[in-house]
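Hi everyone, thanks for coming. Let me put the structure up, and then we can walk through a few spots together.

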Amino acid sequence: MKQYRMIQYGAGATGKFALRSILTHPQLELIGLGVHSDARVGVDAGAICRMPLTGVLASNDLPALLDLKADCVLFMPWDPYAGDVSDPTTHSGQLFETLCRFLESGKNVIASAPNSLVYAPHLGAFTMDRLEAACRNGGASFLYGGISPGFASDRLVLALTQCSARIDTIHVREIMNYANYGDRDTIMGLYGFGMEAGAFDPSGILESFQRGLGGSVAMIADALKVSLDRIQMEFDHALSPHNVEIAAGLVRKGTIAAEVIRAKGIVGGEPRIVAEHVTRIDDNAAPDWPQFGGDGKEGYQIEVRGAPAMKVDFELGAFGRNPMADAGWAVGGHLTNSVIGLCEAEQGVRTFMDLPLALAAHRMTV
């Protein structure tokens, strides 16, 4: 079997699952690991993901990582903001330049960040030109992958439409509870949970989701050869019925405890492709909003109205497993299973529309 030499850049809450997926795949060989935490520099990759020692030590030496002769990089640094990658002063913009340097060094890149890159053509000419130039200079290819966006809100939707003879509308919905997320800057800053409704400006979160969730809508439209009038962003919120303590801090009664962020693909003045992010910090908040299952579960709902009419509920953490851990496994599995297809593809920016299905080869337990 052909072997593919791998670098992973980022080994945080999700990255550690991708590390395990690399180390357990017979065709992938880990040769480098980039980290941002000083505490992890010099730590064996196996120790980071609770696997046997590998001899590959974590490093924050970017030039040394760029010099390694690798086939592919899993680019997985922390980036919750989906910022403007064309702005080098933003966290997302700085990550974007690092990603392009990996491409220019001759390495294929599969990324789960910056989160803005869900569907690069959606971001306009600057981003596409920069990515294509980096791919061309390095003779490399680029792919974005994830779980939502990056799979549930786009790739899985497109797979369902293989059965469609007529499509009237598509509606995809992510339903989450953020009570256990401890990043205060994200939960109580970007999202505004725990803030007075009149004090929260949703423009930042709408801009972020316009790039990410809006990218999923744009990808679906392009794949289905649908010309969108525009992508319309909407925001709604609900207030907490009581005080509630979450991992990020105290959310007081009467402050924001639930949100819906919606990207509507408008065709002929009507919403035809709609993607929603429904999130709460308390399952008692906004009880009339969409729920997943009857016991506060998190998951994804896809509705395709037409012929045939289809509805799919996609649950991570099924059969009593930890949904947050399974989300990490899903991202890690998706990215590592995509490596061979991307490495064998023509150079340039690639999407789900021009790559083979990333099957879970060698993943069946024996």
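Before the first stop, one convention: a helix here is a DSSP run of H or I with at least four residues, and helices are numbered from the N terminus. With that in hand, asparagine 337 sits in helix α9, which covers residues 323–337. Please keep in mind that this is a predicted model. Is asparagine 337 buried or exposed? Its relative accessible area is 17%, and under 20% counts as buried, so asparagine 337 is buried. Leaving aside residues up to four places away in sequence, asparagine 337 touches Ala358, Leu359, Ala360 and Arg363.

Next, a helix pair. Helix α4 (residues 91–104) and helix α5 (residues 125–138) have axes that come within 7 Å and cross at roughly 30°, so α4 and α5 are roughly parallel. The residues in this contact split into 8 nonpolar, 3 polar and 3 charged. Among them are Glu104 in α4 and Arg130 in α5. Glutamate 104 and arginine 130 form a salt bridge, with their closest N and O atoms 2.9 Å apart. The two residues are 26 apart in the chain. Arginine 130 is buried at 19%, while glutamate 104 is partly exposed at 31%.

Now over to the strands. Glutamate 234 makes a salt bridge with arginine 262 at 2.9 Å, N to O. Arginine 262 lies in strand β11 and glutamate 234 in strand β8, so this pair ties together parts 28 residues apart in sequence. Glutamate 234 also meets lysine 264 in a salt bridge, at 3.2 Å. Lysine 264 is in strand β11 too, 30 residues from glutamate 234. Shared partners join Arg173, Glu234, Arg262, Lys264, Glu276, Glu303 and Arg305 into one salt-bridge network.

Definitions and conventions: Residues are numbered from 1 along each chain as its sequence is written. This is a predicted model: local features need pLDDT of at least 70, side-chain atom pairs count only at pLDDT 80 or more; totals for chains, interfaces and linings use all residues. Side-chain values use heavy atoms; hydrogens and water are left out. Axes are lines fitted to C-alpha atoms, for helices over the stretch in contact, and angles run from 0 to 180 degrees between N-to-C directions. Angles under 35 degrees count as roughly parallel, over 145 as roughly antiparallel, 65 to 115 as roughly perpendicular and the rest as oblique. Contact means heavy atoms within 4.5 Å. Ala, Val, Leu, Ile, Met, Phe, Trp, Tyr, Cys and Pro count as nonpolar, Asp, Glu, Lys and Arg as charged, and the others, Gly among them, as polar. Buried means under 20% relative accessible area, exposed over 50%, partly exposed in between (1.4 Å probe, protein chains only). A salt bridge is a side-chain nitrogen of Lys or Arg within 4 Å of a carboxyl oxygen of Asp or Glu.
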